[in-house]
Amino acid sequence: MASVATPSGPAGIAGLWDRLSIRTKRVVWAWAFLAVPIVFYAGIRFYPTFQAFWLSLTDWDLLRPAAFIGLENYRRLFADPVFWQVFRNTFAYLILGTPISLVLAFVIAFYLDRVRFMHGLIRALYFLPFLTTAAAMAWVWRWFYQPVPIGVINGLLSAVGIAQQPFLRSVDQALPAIMVTAIWAGLGFQIIIFMAGLRAIPLTYYEAARIDGLGEWAILRKITLPLLKPTTVFLVVFSSIGFLRIFDQVYNMTTNDPGGPLNSTKPLVLMIYQTAFSSYDMGYAAAQTVVLFTILLIVSLIQLWLLRNRT
Amino acid sequence: MTSIAASTSELAANRRDIRPGRIVAWTLLMIGGIVMVTPLIYMFSTSLKSAGQVYDLRLIPADPTLDNYIRVLADGRFVRWFLNSTLVATAVTLSNVFFDSLVGYTLAKFEFRGRYLVFLAILSTLMIPTEMLVIPWYLMSSQLGWLDTYWGIMFPGMMTAFGTFLMKQFFETVPDDFLEAARVDGLNEFTIWWKIAMPMVTPAISALAIFTFLGNWTAFFWPLIVTTSRELYTLPVGLSSFAVEQSIQWEMIMTGAALATIPTLIVFLALQRYIVRGVMLAGLKG
């Protein structure tokens, strides 16, 4: 029977295969299954990672061969005021975006979970933006933010007698305006995840709490939120990483002056893109990607640690 | 799914007459939901307006016309970009369904030395952001002639650690008895995986397929870098270049954005139930 199952080959190999124990055969199968993936992960993930670290120590610019220059790229980066502006912007997206979107998503999920009348329709309304293309919707929002008579939001404001707002043309308002677009795009996903988390809480917990005479607010604080912690941790980390890597919206909403006005909306990923693929300053860009990697790593670890120690 | 459905109705029954404020809550939720889809509605509405009517911010176009769509579609660019995106997203999705499942299955169901090491190595790639890899990928692509090719757009995503992890979690729930019975019947290991184990995790496969397809269909950063000729743009990259070119002709830009959005909306509205379930599955297991 076993020989039927073996890959057909020369009689010698087939004979050798037949003499292997069942256990050894399974080990051979396992490594056969893993062969292509191991080549892929080694060549497309691990090697490029080390290469990025190496390139960050060179002055490679596509034209001349890369020469080792030590930490010069990092020194240059940390001395660059634009980098510190970009650094602040990147964290502004994170520090404003993550709490606002999570609180909104939780409140909506909490009430939506209890709604039965037209539940499916309302859920679909919130979920729909998640299915759109960020690059396309960035242009719709950009149009929304235009001054009168073009922009919808300013049109609404002037209809109720509020002064026109510059939105994308202002160094103060542009970043929050872009962030709203990103929050809008990700909210549906977070709502669905929160609802899944809420439904995973056994009903008996609520019944017991009610018998004990706990009010709705106490139930929320003592049962719902603590039991929802794994879901919250997942969403905090997931959405933080998303905001730290924001690119599509910023790129498309500021094409006439990428990251503008005056770099006020430029996140790190856009700086990387410009350094690498507009200036072809590849070594310098690689150093910026290493900084991004470090930030993502630190932020993820801090959040996991903070949320683990608090209940 | 049935247990969730049952628990919802119980939950609702339990809470039916607790809150007098539920009508307020319902109304607020509905208003919020309508606000959420307003950008989409305005996009479609404006795409049906002529250039002269764009400044008229009424939601229902006074004189709806499909002229913008005819003009945008006339030169075939959008059709090409649509086909490019479909090809890329489909190929990457098939590859992920095959390889992520195969690796997840191997790590879940085979005993061999180094298994844990392989798992950790794959999982550790989750920590590496794509942005860090694009410069080496670009270098690699330029040396191997992959720049501006379909393969160049696709290769970085052919397998993912997320998909592998998701599939491993699900294959662990498949009872060994089934696989052992198939082994006794003389099926080889590949057939056991493909014919016995795979059909037992179809919800996970559909979740993985939906995520991978959506992720690649909307992908912007890497396709923007690796493609230089218009014929190879994916839909998001093509739309972006189209919008820049149109400058302030907002009705044309909205038409382009609508064309980039309509196909996914149709497909995904039809599959909404599965997507929501997939998001929930992935969120809970991940």
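1. Start at A:Leu262, which sits in the loop between helix 13 and helix 14 (268-277) of chain A. Helices here are DSSP runs of H or I with at least four residues, strands are runs of E with at least two, and both are numbered from the N terminus. The phi angle of A:Leu262 is near 50°, a positive value in a residue other than glycine. Most residues other than glycine have a negative phi. A:Leu262 counts as exposed because it has 11 C-beta neighbours inside 10 Å. (Buried means 20 or more other C-beta atoms within 10 Å of a residue's own, exposed means 12 or fewer, and partly exposed lies in between; C-beta atoms are placed from the backbone.)

2. A word on what you are looking at: this is a predicted model, in which local features need pLDDT of at least 70 and side-chain atom pairs count only at pLDDT 80 or more, while totals for chains, interfaces and linings use all residues. Residues are numbered from 1 along each chain as its sequence is written, and chains are lettered from A and ligands numbered from 1 in the order in which they are written.

3. A:Leu62 has a phi near 75° and is not a glycine. This residue belongs to the loop between helix 3 and helix 4 (72-78) of chain A. Is A:Leu62 buried or exposed? With 12 C-beta neighbours inside 10 Å, A:Leu62 counts as exposed.

4. Now compare a residue in a helix. A:Val250 is placed in helix 13 (residues 248-253) of chain A, and it counts as buried because 27 C-beta neighbours lie inside 10 Å. Beyond its neighbours within four places in sequence, A:Val250 is in contact with A:Ile178, A:Gly259, A:Thr265, A:Pro267 and A:Leu270. (Contact means that the C-beta atoms of two residues, placed from the backbone, lie within 7 Å.) A:Lys266 is 16 residues from A:Val250 in sequence, with 7.2 Å between their C-alpha atoms.

5. Stepping back to the whole of chain A, you will find 15 helices and 0 strands. Its radius of gyration is 26 Å, well over the 19 Å that the globule rule gives for 311 residues, so chain A is more spread out than a compact globule. (The radius is taken over C-alpha atoms, and the rule is 2.2 Å times the number of residues to the power 0.38.) Along the principal axes, the C-alpha atoms fill a box of roughly 90 × 70 × 40 Å. Of the 311 residues in chain A, 39% are buried.

6. How is chain A divided? An automatic or database assignment sets the bounds, giving domain 1 (2-49) and domain 2 (80-309). The centres of these two domains, taken over C-alpha atoms, are 45 Å apart.

7. Chain B also deserves a visit: it has 15 helices and 0 strands. The radius of gyration of chain B is 24 Å, well over the 19 Å from the globule rule for 286 residues, so chain B too is more spread out than a compact globule. Its C-alpha trace spans about 75 × 70 × 35 Å along the principal axes, and 41% of its residues count as buried.

8. Where the chains meet, 75 residues of chain A are in contact with 73 residues of chain B. On the chain A side, helix 3 (residues 22-55) gives the largest share, 16 residues. That side divides into 60 nonpolar, 8 polar and 7 charged residues. (Ala, Val, Leu, Ile, Met, Phe, Trp, Tyr, Cys and Pro count as nonpolar, Asp, Glu, Lys and Arg as charged, and the others, Gly among them, as polar.)

9. The largest nonpolar core has 153 residues, and among those with the most contacts inside it are A:Ile192 and B:Ile135. (Such a core is a set of buried Ala, Val, Leu, Ile, Met, Phe, Trp, Tyr and Cys residues joined through C-beta atoms within 7 Å.) Helix 9 (residues 174-199) of chain A supplies the largest share of this core, 17 residues. Leaving aside neighbours within four places in sequence, A:Ile192 is in contact with A:Phe127, B:Val276, B:Val279 and B:Met280.
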